[in-house]
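This report describes selected features of one protein chain.

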Amino acid sequence: MTCSRWGIPSDQGLFQDGDVVIGGLFSLHYKPPATAHDFTQLPHYKPCAGLQNLPLQYIYAMVFALEEINRSTTLLPGVKLGYHIRDSCALHPWAMQAALSLVGGDSASCDRPLPLIIGGASSIAAKILCRILGPLSVPLMSYTSSCPCLSDRRQFPNFFRTMPSDIYQARAIAHLAIHFNWTWIGAVVANNDYGHMAVKIFQDETQGKGVCLAFVETLQRENIVSDARRAALTIHASTARVILIFTWYTDVRELFLQLAKINVTDRQFLASEAWSTSDDLLKNLVTFKVAKGVLGVAIRSSPIPGFENYLRSLNPSHRPDDAFLKEFWEKEFGGAESLEGVQHPFTDTSQLRVTYNVYLAVYAAAHALHSLLSCPNRDSPPGNKSSTCSSPKHIKPIELLQHLNNVNFSTPQGELLYFQGADIPAKYDLVNWQNTPEGSLKLVLIGRVDGFDLHLNESAIQWSTGSNQVPVSVCSESCPPGTRKANRKGEPLCCFDCIPCAEGEISNKTGSLHCERCPSEFWPNAEQTACIPRQLDFLSFNETLGITLTTAAVSGVTVTTAVFVVFICYRQTPMVRANNSELSFLLLVSLKLCFLCSLVFIGRPSVWSCRFQQAAFGISFVLCVSCLQVKTIVVLAAFRSARPGAEALMKWFGPGQQRGSVCLFTCIQVIICIIWLLLSPPVPKADLDIPGLQVTLKCAMASVVGFSLVLGYIGLLACTCLLLAFLARKLPDNFNEAKLITFSMLIFCAVWVAFVPAYVSSPGKYAVAVEIFAILASSFGLLLCIFAPKCFIILLRPEKNSKKHLMGR
């Protein structure tokens, strides 16, 4: 009885018998016959056409690996491996038929179905084959299927691959974008699971890393020209300078042609492994300017020692039953030739990528078989189940499947290989398309990807700009230190404005999301990039304001002293003796103290200066106002005593009573100050609440009540004095001092009423300046109003300095 595969003659393949036979499925041809889908016309079978060089290389990589293993003395010793290799012609129905014939037996091996198949040239083909082979538990080992869906062990428990899942290359490209700080990237992807998955993984991997997609354009194979034109216009209009392309090389070729038409030659392209090593694109002179500088992820390459010599030694005369080699020879040579010294893609082993994956698949299968056929308990008693060993002639696929799951070995190249479910550890090459002196592009290895680790030689990269400078692709330039990011409403996170940090805040990093507030003892520098210690500031004698106030105070003291001297010299004149000259001298002394106490407010505040300045101020002014009040009372009493029956009134306001009254009024203020200073005195304190690099050191009022009592008592005496002086303003004297006291008290009260809001609202040392100004203004007001008219008469109008003139109406 003869068996044959349905629809495909048994002579269309490559066969080698052995103790264990491994199946192989490759898409050697790409042009199906006219009857490829019409299985009712099987007698009219026509073979596939369009032989491809690389798939042919894959086939002989499988044969080479099997022959190498058969020569090994450590791997499967004593077991000869055979192969049955079929061409699926890139048609899924043919792949299905070939797989069923291989696992079911054919004319060459009806009795021994194959326990494993190396094949599944595409992810779709792999899924179809896995669903067919799954019920039979036959493992399928793919060398190019990269769909992440195939990692699902529940759906595809019999699937293995030596090609990493596309998840890892999308992650690798995302890590490249993060590494080079490309935050604004455009994407052109295939309009299928391959492209959509890439976008999703890229976005997931860059989430929170400041990378945004400026646009996502999709390409449909059926509408490739119009889709490529639309994508090219989008790339031209976008500000993104880095473009991720995740699609097939045929789609990329059309996209590059459209970009060349509109002269877009300054973009940096990131390539997926589907086109990063495409010779068709590298050698296309039309897209040369567009494609230069491409940075791509490629299937890792590795040399296979002896493989090039093996390929060059192939000859149909040595392999008369090899239909594949015979067809290749007729296509390329048409006669008896040799591959020695011939430059041909079939013999090019400079970068073995998919070829190396096939080589690894064979070794993975061999190590699984070695584990299955090894029998460590062969000498155990017959009743022991563990002594049951598989024989090469009766291998069960399900047993091989179990051993594949546990494969862990080192390849002849020293690479550790094991399966994590369906997958092997992800490894890629990083390649760069660089100009050559001949005006073409060449592929240069510039790094590798090992899992999540990038190993990159940046100095070897030639960018799209033709220089070694990394291209910049951002929506917004990074915010410099001293500013923060502020997202633009309705735009991606990568598009933002740079806002200067608020007052008192800094940012010391490029691209800060937030500004940090400086501690209270520090303040930002001019650039708002660092916190520096705040400088203590106070009203000093060296600055203009301090000099001005000091000059005014000294002038006041000088004038008061001058007046005092005048009064001493003319102490016997009626003008000085009138209304108790003793009070006048005491008033001049108190005014001098008022001027002098203002100087205590200038200079660096200390514990004792803070306590002394407020006490000196309060007592000096109370002494001054007390003198005026007593003088006013004396005036009123004098005129009251002139009335009949009131002669005894002045006895109660004699010199002793006047001095006692002044002393009493002053002692009350002294007591208030002592209690205040003992319980809660003012203390020097930096005013950190006021913004700025300079922080004011001032005497902080620990008790507002104490300060209010001091001011309030002065105000009470001043108001009382003003009221009494106002009542005595029309007494019949040519020189009525009550009028002068009234004017002086009006000025005094006006100054101190204005002082309170001005003091409260003034910042830092200017509050101290306001208080000094109030002291000086009120002191000058009293000095000028009370003593200026008297000095004028004494010095310039001596004829009026007589008792007769003073008492006259």
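In what follows, a contact means that heavy atoms lie within 4.5 Å. The model is predicted.

**Serine 779**

Helix H21, spanning residues 765-796, contains serine 779. Leaving aside residues up to four places away in sequence, serine 779 touches Leu591, Cys594, Phe595 and Phe621. Its relative accessibility is 0%; because buried means under 20% relative accessible area, serine 779 counts as buried.

**The six-stranded sheet**

An open sheet of mixed pairing is formed by six strands, arranged in the order E1-E5-E2-E6-E7-E8. Strands E1 (13-16) and E8 (159-161) stand at the edges; each has a single partner strand, so one side of each lacks a neighbour in the sheet. Strands E2 (residues 20-26) and E6 (residues 117-118) run parallel and are joined by two bridges. Glycine 23 has isoleucine 117 in E6 as its bridge partner. Helix H2 (residues 92-104) packs on the sheet, where it touches E2, E5 (81-87) and E6. The direction of helix H2 makes about 175 degrees with that of E2.

**Confidence**

The protein has a mean pLDDT of 85, and 90% of its residues reach 70 or more. Two stretches with pLDDT under 50 are listed below.

| Stretch | pLDDT | Contacts beyond four places in sequence |
|---|---|---|
| Residues 1-11 | under 50 | 25 contacts |
| Residues 36-45 | under 50 | 17 contacts |

Where pLDDT is low, predicted coordinates should not be read in detail.

Technical notes. Residues are numbered from 1 along each chain as its sequence is written. This is a predicted model: local features need pLDDT of at least 70, side-chain atom pairs count only at pLDDT 80 or more; totals for chains, interfaces and linings use all residues. Side-chain values use heavy atoms; hydrogens and water are left out. pLDDT is the predictor's confidence in each residue, from 0 to 100. Helices (H or I, at least four residues) and strands (E, at least two) are DSSP runs, numbered from the N terminus. Buried means under 20% relative accessible area, exposed over 50%, partly exposed in between (1.4 Å probe, protein chains only). Two strands pair if DSSP finds at least two bridges between them. Axes are lines fitted to C-alpha atoms, for helices over the stretch in contact, and angles run from 0 to 180 degrees between N-to-C directions.
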